[in-house]
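Thank you all for coming.

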Amino acid sequence: MSQLSSSASAPTPQFPIHKRRLRFLGLTVEDCIKSFFGGNALISVVVLGLITFFLVKEGAGFLGQNRQNLAIYRLAGLEFVDHLRRQSEDHTALTRYLSDLRLRTLNQWTGPGGLTLEAANARLAEFDDYAARFGDAADPLRGMVSDLSEVATAIKTKFLVNEDKKEERRQLLAEGKVAEAGAVVITAVDFPAELRPLRDSLPAYREANREFSTRLGALLAAAPRLPEPELQRRMDRFAELGRTYVATFPGIERDLAVWDHARPVSAAEAFTAFIFGRQWLTASFWQDWYGVVPLLTGSFLVALVALSLAVPLGVGAAVYVNQIASQREQRFIKPGIEFISAFPSVVLGFFGIAVLGQALRAMSQLPWLSWVPGFPYSERLNILTAGCLLALIAVPTIFTLAEDALNNVPRALKEASLALGASRLQTTIRIIVPASLSGIISAVLLGLGRVVGETMVVLLCAGNRIAIPDFTQGLGFIVEPVHTMTGIIAQEMGEVVRGSIHYRALFMVGLVLFILSLTINYAAQHIVRRYRISIG
Amino acid sequence: MVTVPSRLDSTPPASGPAPARRPTVVEGVPPSVPAPAAGQPLVEIEHLDFFYGASQALREITLGIERQKVTAFIGPSGCGKSTLLRCLNRMNDLIEGTRIVRGSIRIHGVDINQPDVDVIELRKRVGMVFQKSNPFPKSIHENITYGLRLQGIRDKAKLDEIVERSLRGAALWDEVKDRLGESAMGLSGGQQQRLCIARAIAVEPEIILMDEPCSALDPVATAKVEELIQDLRSRFTIVIVTHNMQQAARCSDRTAFFYLGKLIEYADTRDIFTNPANPQTEAYVSGRFG
């Protein structure tokens, strides 16, 4: 034993293979390098975790606040009035249908070889009289809506003032100013009493409704006839719509009769009001709505237009470069396409406003292009403009990844196909593209992720109108302005009060966006992994 | 567009035959008669010089490949045997910078490197099996019918019939007949290689080129493929490149030994292995280098 230890402590052992480590604060150099890289990785993971946590935390507060928001809507009787308002608005829609019909008739009659404007207007006198009577029929209803709106608004204001006072008192108490806190007068709102005018209006409403439906029934039965079959068809359609409208009256009455201001708003209701809400209406005098559907639709439509342009361009270019182009063309095309992604998106947006929007609008007004759905249009900034620019942003992503996927197809497959007497084109279409299809699909998905997350271009070029486009006109919706999820966050986040419901609603939108991107990316990766296995 | 003529009209070129061209002809056969097995070679390679860019891969190759025989190309790595094989169906066209500087390759007397030759028609008649099995990532059935569909054959009954015939021809039918619809990627390496052979014979080529078809296979699978080559020799002209000298000795009728881009010796397989004329050949086949 002693022999062994003496040989180990010798300055130059026979077989010098022991590690000689430089120590620094008790750590070897390798430990330092390892912890440096490990630390970097850790930081990114921690940051990702924090972002997710923060998003969820801020967003989750929204549910409670929206629940309260909806509860006030119900408590103060705004919901009650909105039932009536909907009835009134449906009537207005019918009136609009009539005036649209009048315009069509006038256009047809004053067409080439037709009547003069005066003569046509004179011939429409009977129609105008009918339209006026139809419009006036709803006057009592409109009056009622406006009266009750005032009542409901007053209740809501009273409630909110009280809430503010409660908050004030709480703050004073927290500061220890008991006397001042005592001086703050809080009068709890007695909802049943306050809502009495609303409830009391019910018999009068029923009476008015009966008369309203009789008048409408009479009017619909005596609708004026138009000589042209096509116009008459529209007139018949109007009568049919009118009858459907009248048939909704008992339902509204029932809703009003069973309406209860104290019915609690569930958390699920607050959530569905967000996810399926068709209105995004903020800082309104009446009622704020935070429904993500218009924004989701906007994002989706813009992405759809962008992808339908970017997929053929990106994949087509990838196939060309990978299979057909000569070396010299490859050297020129590949950096060219990848260079597009070097443009800052705000520059692209600026280009979209100044050049592309103008050019597309000018093009839409060419007479020989009027067959294109939606053409001509006057809104320069719309889904189409934003989609075209986003396509430009997605093309480099799709191109690069699709080219990689094509490149990964084993050369042996290409040779096998050619050796069987296939042409280059047949080989590309039947072997190379199918073999790399999953890679191409994941390229498209990642392009979609890029497009959905893009902000600046859509903020500048999508038109920023918060509304669900009108799909009744077929493909024409692609020239309507929309707002998007990314756009609304960028636009409104700067001006909201921190912690307010609006602020939290924007976080919820961010959360939806995050989940969407995560799903898309996950799907893309999943497909790529499967593809690697299948190619072997 | 001139295509390679079928087996029947093999008129020789008008120019007089060069003396060095037919080393294998033992007796004069009238050229107009459709040549039997021992007659005029099916493939005539003459004075071929081939370059990859600036480096010469083949020098002065002159060689005749006889029909319905198995011809083996042997030689150490880099000797040019695979390059010569790939010249026969012009697969070298795919590699940039390759060119034939001098000489010609004629099949049925037609120079396959003339600009008016349709390389697609050529490859239908000269099939190929590669070193590494390369089935398409499709079903077994689709792998076989791929070449046929390219030729416009759509009739399902006919396709099914050819699939069965080709798979039987490649001694694979019994193993896969119940799973023709499954992916070919699920087969074992040996099965995949036999599938590639079945795929090649499905389009009924005259010549099958095999580029080291067994180098990635285990001995059992190798034995099966070699057995298959013996079966196929009655219907096809087979050219096989191999590293394995026992394989060349077992399978082939004629053997060509290449070294550094030159054809050193070309003779009946038995002669090459038992009584080589050239000392280099002897050194190689006896395992002294390579």
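Predicted model: local features only at pLDDT ≥ 70, side-chain atom pairs only at ≥ 80, totals over all residues.

Which backbone oxygen lies 2.8 Å from a polar atom of the side chain of B:R194? It is the backbone oxygen of B:A171. Residues are numbered from 1 along each chain as its sequence is written, chains are lettered from A and ligands numbered from 1 in the order in which they are written, and side-chain values use heavy atoms, with hydrogens and water left out.

To return to B:R194, you will find this residue in helix α6 of chain B, residues 189–202, where helices are DSSP runs of H or I with at least four residues, numbered from the N terminus. B:R194 is buried, with a relative accessible area of 4%, and buried here means under 20% with a 1.4 Å probe, protein chains only. Its side chain also makes a polar contact, at 2.9 Å, with the side chain of B:E175; a polar contact is a pair of N or O atoms within 3.5 Å, and within protein one must be able to donate a hydrogen and the other to accept it, while residues adjacent in sequence count only if both atoms are side-chain atoms. Leaving aside residues up to four places away in sequence, B:R194 touches several others, among them B:K224, B:V225 and B:L228, contact meaning heavy atoms within 4.5 Å.

Let me turn now to the two chains together. Here 20 residues of chain A are in contact with 27 residues of chain B. The area buried between them is about 1900 Å², of which carbon and sulfur atoms give 64%, and buried area is the accessible area (1.4 Å probe) that two parts lose on being put together, summed over both. In chain A, the residues that lose the most area to chain B are A:A419, A:L420 and A:R430, together 33% of what that side buries.

Between the chains the count is one salt bridge, that is, a side-chain nitrogen of Lys or Arg within 4 Å of a carboxyl oxygen of Asp or Glu. B:R86 forms a salt bridge with A:E415, with the closest N and O atoms 2.9 Å apart. On the side of chain A that touches chain B, α17 (411–419), α18 (424–435) and α22 (501–535) each supply at least two residues, and α17(A) gives the most, with eight residues.

Notes. Buried < 20%, exposed > 50% of the residue type's maximum accessible area, 1.4 Å probe, protein only.
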